[in-house]
Each structure stands twice: as C-alpha cells, then as structure tokens.
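Student: Before I use the labels on this model, I want to know what stands behind them. Can we go through them one at a time?

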Amino acid sequence: MGFNCGIVGLPNVGKSTLFNALTATAQAQAANYPFTTIEPNVGRVPVPDARLDKLSALAKSAKITPTYQEFVDIAGLVKGASAGEGLGNQFLGNICEVNAILHVLRCFEEDDVTHVEGRIDPVADAELVRTELLLADLERLERQSDSMEKKANGGDKDAKRIWHIWHRVLRGLREGIPVLQQSDVDYDEIRPLNLITSKPVLYVANVEETDAATGNAHSASVEAMAASEGAASVTISAALEAEVAVLDDPADRAEFLTEVGLTEPSLDRVIRAGYGLLGLITFFTAGPTEARAWTVPADALAPEAAGRIHGDMERGFIRAETIAFDHYIAHGGEQGAKAAGAMRSEGKEYRVQDGDVMLFRFNV
C-alpha cells in the first residue's frame, strides 16, 4: 500500500538508533557525527497485536502472520536545510515521499554525543525543524504560484479550484502556520499538493536509559508541546530499546523490561502510534492454515479489504462474512459466533471496522 513513516530530526538525536531498534538490524550505521545516514534506509516492522494470538488459539491456526509497518530512516536536518544547507535538498526530497513523520527529539544529556546547536532543548529543536519544513513548503508554493494563477485565470476549472486552496494554504504558511495546523484547510483537499507540513507528526522524546519508564523534564516539555499542537508524543530510550531488540529469548526481554520499570517495549507504542498516525486499521482472517492480520485505510470498504488478499477477490466480490473480534472471542470462534447470530453478511458498501474477522465470498 506504500504507507510509511519517516524518522526525522536533527543529527545525533537518536534517529538511526531508533531505526536499528525498530528493525532489529544494523542497516543504519549509528555514530556520533552528522549525516551518518546518507541514503534513507527502509525497514518493515511487524505491528504488535495481541488479538492475533487469541484468534490463532481459537482457530487452531498452524501459522500466524502479522501486518507490517514501514519506517524510513532519513538523514539529519540542520538549520538552513530549506536553502540547501547540509543535506537539505536530499532530506527534503526524501521526506516528501513519506506519509507521516516520526520526529525524534533529543531529551538526554550526554557530553560524549555532540549537539549541532550546542545545547539540549527539544522544544527549540522541534521549532527549528518545523521552521525549515515550513520554509520548504513556502518556497515551493511561491515558486509555482505565478504559473498556477495563470492557469486558474485561463478558465481551467480544476486549476481554479486548486488555486483557491493553494492561495489559502500559502497565506497560512506566510503567517508561519504549518499546513496541518491551519484550521480553515481541508486536509483531503490539500493532500494532492503533498506538502511536508501537511503530514501528521508523532514526537518521539528520546531519553536516557534511566528515564525510560518515567521520562524527564525534557520529555515533559515535549509532551506539553505536542498537546498544544494536537499532536501525539511517545517517550522512549532508543539506546535501551536497541538492547532489548537483540534479545532472542522472550523471557530475557521480559526480565530486562521489568528491571527498568517497563511492562512492554516502548517500541511497541511507537509502532502502534505510527500505525494510527497513518489512519490505518487492521482486519483479520483466521482458519486452520493461518491467522493473519491485514492493513487497510480506516475508510476502506469491504471489496478493498478483499483486494488486499487477492485482486480476484475484489473484482469478483459478492459479500463478506464478518464477525467483530469481541464476538469471535466471546463465542469461542467462528462456529460459535455463527450459531449465536454474531456473524453478519456485509455487502460492497460495508465500511470495514478495526478488528473485523472476515471471510470473503467472490466469483471470477
């Protein structure tokens, strides 16, 4: 489906460490100098979902297959990136290609790891990055405004409609307001413009290992900033999560987490938050062969969900035999739910709900 989250931030804030922990690989070289990540690395990460294990147990599935979230590790941004400083042009090009942003902010004090601005202030860092992204959007729209206005005035109805939206967005950017925070802009209308500041943001406060469970004053300031913007935030220790990620034994992972005061890897919260940031939901298929999670947009109709499994299912869609997850569990599986009248037959206009357990009928 091409949905992905780009991991962004200033150099040396822990982006590549987070990426490595997420993917449990060393694809992104983490080191103490700017621009360690030159080309964007991409990793596919299973989305943690306890529901899948429960479905598998009831369906006696031989195999469990989770759904996946894609993350892209993007080179660090520096002040002046919108004017081409550092790897600015490459950074901005890469970030345009992602669907949502995980903005990593340094919330740890460590003299051995340099900060490009010479201070630890995550809110100021966030403002610096936000300004560069806004300037990049502003420069792009202003550069193309004259040609767009000429098309609009030339009688092109589509161009006239787009210019009306364009002008409204441009006015907000000139006032220093990112697209996503412009209250008079319909996100669906501006989506085709693919502006950077229109992408949803999750702030990731990266703290020391000792603050992984409680956070610190820096991460608290990030939470307050996110709340003021209507954005989400997660506090993690990327270094600690990288240690947890390489432990193969689940018992060892659980013991390690307990020792530091965590009940689950913070990465699980990051993955779930990124999934939600993209407006995605999960539906399931379950049987003796396999219990599997599938990803669709939150507004997906039943035929689109069928198409995630196979194109023929979408083309020849007849109906979807559907059981809500809670009903599937409460009635002991498919047969029990069917006997209790909890299995519904849904047609082409049915909007898939998160957690639906579905069996598609089709004919091609």
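Tutor: Start with Asn194, which lies in the loop between α6 (187-190) and β6 (201-206). Helices (H or I, at least four residues) and strands (E, at least two) are DSSP runs, numbered from the N terminus. This is a predicted model: local features need pLDDT of at least 70, side-chain atom pairs count only at pLDDT 80 or more, and totals for chains, interfaces and linings use all residues. Residues are numbered from 1 along each chain as its sequence is written, and side-chain values use heavy atoms, with hydrogens and water left out.

Student: Why is Asn194 called partly exposed?

Tutor: Buried means under 20% relative accessible area, exposed over 50%, and partly exposed in between (1.4 Å probe, protein chains only). Asn194 has 32%, so it is partly exposed.

Student: Where does Asn12 lie, and is it buried or exposed?

Tutor: Asn12 lies in the loop between β1 (4-8) and α1 (15-23). Its phi is positive too, near 65°. Its relative accessible area is 11%, so Asn12 is buried.

Student: How do you know that Glu127 and Arg130 form a salt bridge?

Tutor: A salt bridge is a side-chain nitrogen of Lys or Arg within 4 Å of a carboxyl oxygen of Asp or Glu. The closest N and O atoms of Glu127 and Arg130 are 2.5 Å apart. The pair qualifies.

Student: What separates the two along helix α4?

Tutor: They are 3 residues apart in α4 (residues 122-153), so about one helical turn separates them. Glu127 is partly exposed at 41%. Arg130 is buried at 15%.

Student: What makes Arg315 and Asp312 a salt bridge?

Tutor: The N to O distance is 2.3 Å. Both residues lie in helix α12 (residues 311-315), 3 residues apart, about one turn of the helix. Arg315 has 64% relative accessibility, so it counts as exposed. Asp312, at 25%, is partly exposed.

Student: Why is Glu346 called buried?

Tutor: Its relative accessibility is 17%, so Glu346 counts as buried. Its salt-bridge partner is Arg344, with the closest N and O atoms 2.7 Å apart. Arg344 is partly exposed, at 27%. Elsewhere, salt bridges that share partners join Asp49, Arg51 and Asp354 into one network.

Student: How many salt bridges does the rule give?

Tutor: The count comes to 11.

Student: How do you know that the length of helix α10 agrees with its residue count?

Tutor: The expected span is 1.5 Å times one less than the number of residues. Helix α10 (residues 266-277) has 12 residues, so it should span 16 Å; its end C-alpha atoms are 16 Å apart, which agrees. Its buried residues include Leu267, Val270, Ile271 and Tyr275. Just after α10, Gly279 takes a positive phi of about 70°.

Student: Which residues form the negative surface patch?

Tutor: Asp248, Asp249, Asp252, Glu255 and Glu259. Patches are made of residues with over 30% relative accessible area and no salt bridge; like charges are joined within 9 Å, and nonpolar side chains (Val, Leu, Ile, Met, Phe, Trp, Tyr) within 5 Å. Asp and Glu count as negative. Glu259 lies in helix α9 (residues 250-259). Its relative accessible area is 60%, so Glu259 is exposed.

Terms used:
Accessible areas come from the Shrake-Rupley method with a 1.4 Å probe; for residues, only the protein chains shown count as cover. The place of a charge is taken as NZ of Lys, CZ of Arg, CG of Asp or CD of Glu.
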